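Reader: Can you walk me through this model? I would like the packing and the strands, with cut-offs.

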Amino acid sequence: MEPSGYIDRPDYRVDIRRIRNLVRVTYGDRIFGESTASLLVAEQDHGIVCYLPASDVRFDLLVPHEQTSRCPFKGTARYWRPADGPDPIAWEYAEPYAEVAILSGHIGFYQDRVRVEVGVATPAVSR
């Protein structure tokens, strides 16, 4: 594995928080994932992304895509596409860098290719 980009840029931010809100991912009329244990990832120079635990993703609707890429701050990503579609809609970092190790076992979805809905946490927090 190539060295982490944090070596040259130790101040680079990838903020990750676990959220209890219901997160649902749909593509067309099918639910591809639903979880109350997602990660909310806010990366410097990128938008916010919800990563669902792999156990809450419908892999019976997804197939591996041949594409891979490397993020200097997260690691090497592999991609997933719908079984009936040509383009990837999701990705994962199977072996993320130590600084973002919590991403292991989670799947991110392209917000411009799927619908990501964020509901309320149950139980909702009272003030």
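Reader: What kind of model is it, and what are the ground rules?
Author: This is a predicted model, in which local features need pLDDT of at least 70 and side-chain atom pairs count only at pLDDT 80 or more, while totals for chains, interfaces and linings use all residues. Residues are numbered from 1 along each chain as its sequence is written, and side-chain values use heavy atoms, with hydrogens and water left out.

Reader: Rings then. How many aromatic pairs?
Author: Eight. Rings of Phe, Tyr and Trp (its six-membered ring) pair if their centres lie within 6.5 Å; planes under 30 degrees apart are stacked, over 60 edge-to-face, and the rest tilted.

Reader: Which class do tyrosine 6 and tyrosine 12 fall in, and why?
Author: Their planes are at 70° with the centres 6.5 Å apart, so the pair is edge-to-face. Tyrosine 6 also pairs edge-to-face with phenylalanine 73, at 5.1 Å centre to centre and 80° between the planes.

Reader: Where do tyrosine 6 and phenylalanine 73 sit in the chain?
Author: Tyrosine 6 is in the segment before strand S1 (14-19), and phenylalanine 73 is in the loop between strand S6 (62-71) and strand S7 (75-82), 67 residues apart. Strands here are DSSP runs (E, at least two residues), numbered from the N terminus.

Reader: Is tyrosine 6 buried or exposed?
Author: Buried, because its relative accessibility is 11%. The cut-offs are under 20% relative accessible area for buried, over 50% for exposed and partly exposed in between, with a 1.4 Å probe and protein chains only. Phenylalanine 73 counts as buried too, at 8%.

Reader: Changing topic. What is the strand order in the open sheet?
Author: The seven strands run S1-S4-S5-S9-S8-S7-S6, with antiparallel pairing. Two strands pair if DSSP finds at least two bridges between them. S1 and S6 are the edge strands, each pairing on one side only.

Reader: And S2, what does it pair with?
Author: S2 (residues 21-27) runs antiparallel to strand S10 (residues 115-121), with five bridges. Another five bridges join S2 to strand S3 (residues 30-35), also antiparallel. S2 and S3 make a hairpin with two residues between them, and glycine 28 in that turn has a positive phi of about 65°.

Reader: What about the nonpolar core?
Author: The largest has 16 residues; Val14, Ile16, Val41, Tyr51, Trp91, Tyr93 and Leu103 touch the most other members. A second, separate core of 15 residues includes Val25, Val57, Trp80 and Ile89. A core is a set of buried Ala, Val, Leu, Ile, Met, Phe, Trp, Tyr and Cys residues joined through side-chain atoms within 4.5 Å.

Reader: Last one, valine 100. Where is it, and what does it touch?
Author: Valine 100 is in the loop between S8 and S9. It counts as buried because its relative accessible area is 1%. Leaving out residues up to four places away in sequence, valine 100 touches Tyr6, Val14, Ile16, Phe73 and Lys74, where contact means heavy atoms within 4.5 Å.

How values were computed:
Helices (H or I, at least four residues) and strands (E, at least two) are DSSP runs, numbered from the N terminus.
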